[in-house]
There are 2 protein chains.
Amino acid sequence: MTYKKTLFILIALISCGHGRMAAADQFITSQHDNQSVVLFEAGEPASILLYDNADKGIKRAVSDLQNDYAKVTGQQPGLLERFTPTEKPLIIIGTLGTASAVDELIGRKILTADALKGKHEMYLITSVSNPFPGVKEAIVIAGSDKRGTIYGIYELSKQMGVSPWYYWADVPVAPKESLYFQKGVYSDGEPAVTYRGIFLNDEAPALSGWADATFGGFNSAFYGKVFELILRLKGNFLWPAMWGSAFYDDDPQNGVLANEMGIIMSTSHHEPMAMAQTDWHRYVERNSLPNIWDYNKNAKALQQSWKYGIERSRDWEKVVTVGMRGDGDEAMEEGVNIALLEKIVDDQRAIIEKVTGKKAHQTPQVWALYKEVQDYYDHGMRVPDDVTLLYCDDNWGNIRKLPAMNAKPREGGYGIYYHFDYVGAPRNSKWININPIQRVWEQMSLAYEHGVEKLWIVNVGDLKPMEYPISFFLDMAWNPRQFNPQNLLSHTEEWAAQQFGRSHSKEIARIITLYAKYNRRVTPELLNERTYSLENYGEFERVVNEYLSLALDAFRLYNQLPVAYKDAYYQLVLYPVNACSNLYEMYYAVARNRQLVVKKDIRANHYADQVKESFLRDSLLQVEYNTVIANGKWAHMMDQTRIGYFSWQQPPHNIMPKVTYVTEEEANNDNIFLEQHGFVSIEAENYARQQNGELIHWEVIPHFGKTVSGVTTMPQNKYPAPTEEITLEYDILFETDGEIELQLLLAPTLNFNDNKGLRYEVSFDDSKPQQVNFNGHYRGELGQWQAEHLIRSVTTHTLTEPGMHTLRYRVLEPGIVLQKIVIDTGGLKPSYLGPPESSRHIPDSESR
Amino acid sequence: MTYKKTLFILIALISCGHGRMAAADQFITSQHDNQSVVLFEAGEPASILLYDNADKGIKRAVSDLQNDYAKVTGQQPGLLERFTPTEKPLIIIGTLGTASAVDELIGRKILTADALKGKHEMYLITSVSNPFPGVKEAIVIAGSDKRGTIYGIYELSKQMGVSPWYYWADVPVAPKESLYFQKGVYSDGEPAVTYRGIFLNDEAPALSGWADATFGGFNSAFYGKVFELILRLKGNFLWPAMWGSAFYDDDPQNGVLANEMGIIMSTSHHEPMAMAQTDWHRYVERNSLPNIWDYNKNAKALQQSWKYGIERSRDWEKVVTVGMRGDGDEAMEEGVNIALLEKIVDDQRAIIEKVTGKKAHQTPQVWALYKEVQDYYDHGMRVPDDVTLLYCDDNWGNIRKLPAMNAKPREGGYGIYYHFDYVGAPRNSKWININPIQRVWEQMSLAYEHGVEKLWIVNVGDLKPMEYPISFFLDMAWNPRQFNPQNLLSHTEEWAAQQFGRSHSKEIARIITLYAKYNRRVTPELLNERTYSLENYGEFERVVNEYLSLALDAFRLYNQLPVAYKDAYYQLVLYPVNACSNLYEMYYAVARNRQLVVKKDIRANHYADQVKESFLRDSLLQVEYNTVIANGKWAHMMDQTRIGYFSWQQPPHNIMPKVTYVTEEEANNDNIFLEQHGFVSIEAENYARQQNGELIHWEVIPHFGKTVSGVTTMPQNKYPAPTEEITLEYDILFETDGEIELQLLLAPTLNFNDNKGLRYEVSFDDSKPQQVNFNGHYRGELGQWQAEHLIRSVTTHTLTEPGMHTLRYRVLEPGIVLQKIVIDTGGLKPSYLGPPESSRHIPDSESR
């Protein structure tokens, strides 16, 4: 629900509780009319008025706005810290109740912003007349609080055409000649969920490798980019990377910057008291304390470290994780009793009170019911009412627990810890996006409708390539009820339009939707040669072809896009589709290889080669992503292994599936074909025996004709002597007998020999050969011949009994090329190429 | 057969008649050793010594060599017209017996070139020591005659890395730091076939449009490019464009330039006496003669025009077409008698003798046995022995007639007029390459082995996109016996390497081979929605998927190639594969649309949309080829229509196949599914009836889950009252009865409701509902659940009789999402996703 209304209606709506929106209505246009205010025109940039007493985080956002505006228009807007007369378009920015320019306008009754009063993280964007002497009209961004103002600033950026993903996915900014503000009052209302954030997790080797190469680690240069992304997506919360990292300790500026920019920090579900697990290890080392993560044995040291954690972050906005799990996100040892766990929480709260000098409930806290911790809860463990209960999914997007419908409200409310990425059994899912928003919506909506509205946090792995589901998750956290089954796909289309413009947004949305669906059928890490059925319902072929077709569509679009969009498209669309399609092709080839090896069928080798090729392609795509795209910006970002799992844990490097080659010696060259389903179909080259003449010999011409090859005699100017037998024999195991129809599929060779005709003989076993002059006297007049480019020469034969029979084919002329043999024993159905080749008899005990 | 031998061995081989080669051994290298002569090193360009008395055509080729050398090295080699002392590497060029630099070296016994004596179109490339004072070593290109020298010059160009297709397919030239000549004597020997050429035909709208836009018509600027290409491919012969064009008349420089460059001109099979048909019409108009193309009625005018034709071209190398067909390449009127036709030839020869002042047999002549003319021959018509008999294929690559094995040699020998392109019944083939070299080789080899070695001419349509088969045809015309079934694919690989380098030549050769094969299964113009079987052997799907997969591979490679190669690759590989694949997709969608429309199945509309999309894509690809690739160089080159044929002749513009939409009203919404093959499979959204509650209703979530969608109840926090029936009903027509197994494929939703469980009820007809708590007490521990991301909930039921039954599904909890229903009636086979959806019953008389 988006709207542009008079302020009156807006206020009315907001006070009725309907004021939540995913995004404000589009208020920036390129068309001037009498309802629009100039923001950029004729090369003249705007000025921004932000009083210099403004919050540092807001100043930062305004600086981003200046840069964004410059990217769109080519002109940097000036920044006024006090009003000075200007001819330029003016953007006035301020937070309610902070002696801001906005407060001044309200005081002078030029602006009414009652709708913002007492609100949380809300902005209004509107225009005012004659705000200052000489300024006829100006645009105002007013925030109910710091983040409200910041969201308003980034909303303007977004509407001007700067995607929140401009940095993280290299989405280009389309330059514009002019920008106008369409008069009205715009707002997204308040967020439905208080804390809306992501968790950078399972971050090695990809994100960590990239951060090291790009910023020198998980420092404030890195986090500045993360915080900015979260704010642009209207999130406010972060669990930072913690595999061997300690947010506050790695770079003392990390905490400072988060607080300054307006990001509410926390530590992950199992890291209590604003201390990363790595922090704890460093702390005890630094202070020569026992490194024992056990409250029974080492309470003093733990308390001391926790006190340190709370003290360090005392002045910063945060949510404190309470409770305790085992070291390194493991379950605690057996027999931990609930009383002890409750005491831990009590002691933690005592520390909080002591350090902050305030009642515990004045510091936001969260207790995560992750894995076994939920058991404690189910067995009766409770924490004080002001602590947020963080329910969890099963790490695979399926929510384990929700508040009962009749639960009484709790002060701390409820949260959900959700996963887009996971390390653990049955298998890691770290590489690629496997999260269809359809399931995310259905589960998170279920949670919201059960009262989960305090904290939504999602594990996003390396952040990339989870771009789209992150956008969806945070949009949904702002206003879950904006979505329903009918409009879900519109979100994907709008998002695609935001990154790539409108012209291809529908097709891009379709591709993004389908690849997420396909990847959720089975995750790439779990996919193998046995997942889909090779034998039944053509299943494996079908799913491979679905992915191939999607990859082709993705490539087609890639090549249509302007160059500026290719890096973004590669990351957001092409790479995941192409790389996953390649894995499907690889495992299909593995399956075919294994199937054919059992039959000692030499074609197994072709599939073995294909496996190698796909495996190589996978690594080349990784190199391309890491080193070529966006001029090599994404070093290491696709380092995550994905092939070669043999337990839940990832292999140290990708390992090619084992393939087997069938040697010429091993190969089943019996070439005995089986009559099945009422027909036999044999490619001409798969004869059982050949008989050459003195001067004449048989030759296979690879790729000749419509299917596999052609077989002919050479030299092409040598005629067999009348008694010379130049023959091919085909062995066939029939399950029926009686009259059969033999079709030879021949190249459409004409009677070049003075129209003498082209003759062959066919017979089964010892029966009298039938001689056929297959062209008759046709001389090459125009007709069906040319259209079909094939001669289907038919004879009928009678088999006296089922079982093994030999078809003998003899040529009496040179220049005849046989492509395929089809025998109708009663079940042959019409087709253009004839049926695919029949199965072969497997000798000895090696049944199929 | 290629080799690098001492001159002695070379001479020996040539005199034994084994001296024919497709191309000389590689003699240019980038590696210096003690067997190499410097050609470029350290930025120092070579000089070329060509005496200024040299033939103009050779001077032209030398000028090309200078430019080619500059493209490779960045340095233009200087041209010396007499030897002047030089420190630079030296290339000495000359033709035997023309007072050339080569003759001088022979005279001074510095060079031996006996191997060239009396030879035809042969070159030697070798090095000599101390040819001139101060020159230690030099490279020599010596020709037996003008074309021999020219071929030698272009051979050097090619070996330096300039493809014969550099202009016609924008093949880039890879720069090199140094060039060395590997010492030895190199030659391609003599050509096996005397006249080796192409026919520009059926050239509107594509080639003519391009020539108009680029050169202002088929003038000498255009033909200069054509002649150069032919020479670089070691051809020597051309039938020029003649749809409304007259080579000699359109631009008087055309004939001059052909003769200068060394191209032997002729007029096409039905245009006698060096007069294009358009020439004749212009001639009679100009001279106020009767425009009657009938020797009985208008012999004088015809003779006069023929005399004009021979006079005009008197001084130029040519082959004169003799005989007569109907006007505009039509058969002559009925009842034409052989005596008249023989008289025509006699009269034509008399004119030739008169104009040339030489015996007729001293002017090369050809008589084409095209279409009905072959009948005259077969009925006994004969022409003098010195006239070349030009046999023909049936326009589709199938040769109609060859000399008898025991035919006595004729002075004029035999030729073949072959087709890569054709206008006529059963349908034009003008758009794209449909010529697998395998069939070209097999047929032309057959011809050669039957003694056809005087003239090979192939109709190449618009020239593009026949690049590869043209190369193959002319390579083969030089030396047919170099090829055999085992090495054919190597030619494609070598050709790919010539255009794109070695790294991807194998894959490119595979793609080129397969698309030609696929396009010969049925030509794109003949392909339609009925060509392949939709019902049997999964044929249509299979061929579409083969093409899709090939297109994907083509795109993958496109994106791997360096930018410099993309234009060439687009023209030679990507466009034909992508555009043809798109046509397969389109006709498949047409077929599916028609199939589903009959069933009043709403999914028909999806395929109708796909047809529109493919049709649009086809036109966009044309625009891209014509206006984007190579900076818009190929204006009009893909203008040839290809979709919408309803007779043999092309439609004036592409016409989208008719598609039909099924309206909501027409749609068969009965949704009665058929049990077949022992199972029923139904997507959850395809229920027959739904029953909502007062507050609760059913919702379909598109794209939810593994196949089509999910169906759930909303709101997600509303529980049905105990008596409330929230149900979906499915109608199924069973062919069996007895015990059946029902599988509900459900989203893997957990017991979020305090582990109370998730319950549904199922029943058939009026039987007692079975209640299932499908999770039991599973709480979301890690396991198979997460791996499969699906719950397969099973119940068994008994049907008392076959026929229509209704499955009733009722939910007792919110949050349950049903994706698919599978019923095993005895024939269900294992698969991962369950079988594709079962067929639906077609109501009333509309049988399938």
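Select A:Asp386 and A:Arg349: their side chains are in polar contact at 2.7 Å. The model is a predicted one.

**Around A:Asp386**

Is A:Asp386 buried or exposed? Its relative accessibility is 10%, so A:Asp386 counts as buried, the cut-off being under 20%. Now show what surrounds the residue. Leaving aside residues up to four places away in sequence, A:Asp386 touches A:Arg349, A:Ala360, A:His361, A:Gln365, A:Glu411 and A:Gly412.

**On to A:Asp824**

Next, select A:Asp824, in strand 28 (residues 818-824) of chain A. This aspartate is buried but has no salt bridge. Which side chain of opposite charge is nearest to A:Asp824? It is A:Arg792, 9.9 Å away.

**The interface of chain A and chain B**

Now display both chains. The contact involves 105 residues of chain A and 105 residues of chain B. About 8,900 Å² is buried between the two chains, and carbon and sulfur atoms give 55% of that area. Select A:Tyr537, A:Arg556 and A:Gln716, which supply 9% of the area that chain A buries against chain B, more than any other three residues.

For the polar part, 44 residue pairs are in polar contact between chain A and chain B, counting pairs with both residues at pLDDT 80 or more. How many salt bridges cross the interface of chain A and chain B? The rule finds four. Select B:Lys401 and A:Asp754 to see a salt bridge whose closest N and O atoms are 2.6 Å apart. Then colour helix 17 (residues 539-560) of chain A: with 14 residues, this helix gives the largest share of the side of chain A that touches chain B.

**Last stop: confidence**

Colour chain A by pLDDT. The mean is 94, and 96% of the residues of chain A reach 70 or more. Select residues 1-22 of chain A, where the pLDDT is below 50; this stretch has 56 contacts in the model beyond near neighbours in sequence. The scores of the model are ipTM 0.94 and pTM 0.94.

Notes. Residues numbered from 1 in each chain as written. Chains lettered and ligands numbered in written order. Heavy atoms only, no water. Buried < 20%, exposed > 50% of the residue type's maximum accessible area, 1.4 Å probe, protein only. Polar contact = N/O pair within 3.5 Å; in protein donor to acceptor, adjacent residues only side chain to side chain. Contact = heavy atoms within 4.5 Å. pLDDT = per-residue confidence, 0-100. Helix = DSSP H or I, 4+ residues; strand = E, 2+ residues; numbered from the N terminus. Lys, Arg positive; Asp, Glu negative; His and termini not counted. Buried area = accessible area lost by both parts, 1.4 Å probe.
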